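This report goes through selected features of one chain. Please keep the sequence and the 3D view open while reading.

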Amino acid sequence: MISSNDFRPGVSIVLDGSVWRVVEFLHVKPGKGSAFVRTKLKNVQSGSVVEKTFRAGETVPQANLEKSTMQHTYKEGDEYVFMDMETYEEGRLSASQIGDRVKYLKEGMEANVVRWGDQVLEVELPNSVVLEIVQTDPGVKGDTATGGSKPATLETGAMVMVPLFISQGERIRIDTRDDKYLGRE
């Protein structure tokens, strides 16, 4: 159990049978009446965000999340096979369990798999990955870094916007959190 006075961004709690992560909190002490904690909570499974108010000192169950480092070994059908780096056991995850970051998942890449009991909540990829461009329009002499951007398809099938001077076959660094081009590798 955790007290509402101990809420901080990133703390995970259990409400109504699902895991919620505290995004924002504000401890309010009005001039009249008792203190309360106003929070913004994000559902880890669905991604929905709600605002909820707790009485100061109210206790709620804290979610015991398990984080393990796993390596993506290969894809079989619609499932992605991961190997636990400590026990060397294999586990299979679907694209829906991994989420929208599946477009950056490459064989041999390590990821953190967050579980709540037996249920996989999320797969955390590194903040940036280096991938090769397999298709993009050719660069033209005179294209500059500030001149604009064009779409490029990466080796994993992801589509990102890159500067005009980038050409096919180059390896680039991409931010997996917001799909932004970070630079050449």
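The sections below cover the domains, an aromatic pair and a sheet.

## Domains

The model is predicted. The domain assignment divides the chain into domain 1 (2-60), domain 2 (65-124) and domain 3 (128-184). Between domain 1 and domain 3, the C-alpha centres are 40 Å apart.

## Aromatic pair

Searching the whole structure gives 1 aromatic pair. Its members are phenylalanine 7 and phenylalanine 54, in an edge-to-face arrangement with 5.3 Å centre to centre and 85° between the planes. The two residues are 47 residues apart, and the pair links distant parts of the chain. Phenylalanine 7 belongs to the loop between strand E1 (2-3) and strand E2 (12-15), whereas phenylalanine 54 belongs to strand E5 (residues 49-55).

Phenylalanine 7 has 1% relative accessibility and therefore counts as buried. Phenylalanine 54 is also buried, its relative accessible area being 2%. The face of phenylalanine 54 has lysine 52 over it, 5.5 Å from the ring centre.

## Five-stranded sheet

An open sheet is built from 5 strands in the order E9-E8-E7-E10-E11, and the pairing is antiparallel. The edges are strand E9 (90-94) and strand E11 (119-124); each has a single partner strand, so one side of each lacks a neighbour in the sheet. On average, and with direction ignored, neighbouring strands in this sheet are turned by 45° against each other.

Methods. Residues are numbered from 1 along each chain as its sequence is written. This is a predicted model: local features need pLDDT of at least 70, side-chain atom pairs count only at pLDDT 80 or more; totals for chains, interfaces and linings use all residues. Side-chain values use heavy atoms; hydrogens and water are left out. Domain bounds come from an automatic or database domain assignment. Rings of Phe, Tyr and Trp (its six-membered ring) pair if their centres lie within 6.5 Å; planes under 30 degrees apart count as stacked, over 60 as edge-to-face and the rest as tilted. Helices (H or I, at least four residues) and strands (E, at least two) are DSSP runs, numbered from the N terminus. Buried means under 20% relative accessible area, exposed over 50%, partly exposed in between (1.4 Å probe, protein chains only). A charge sits over a ring if NZ of Lys or CZ of Arg is within 6 Å of the ring centre and within 35 degrees of the ring normal. Two strands pair if DSSP finds at least two bridges between them. Axes are lines fitted to C-alpha atoms, for helices over the stretch in contact, and angles run from 0 to 180 degrees between N-to-C directions.
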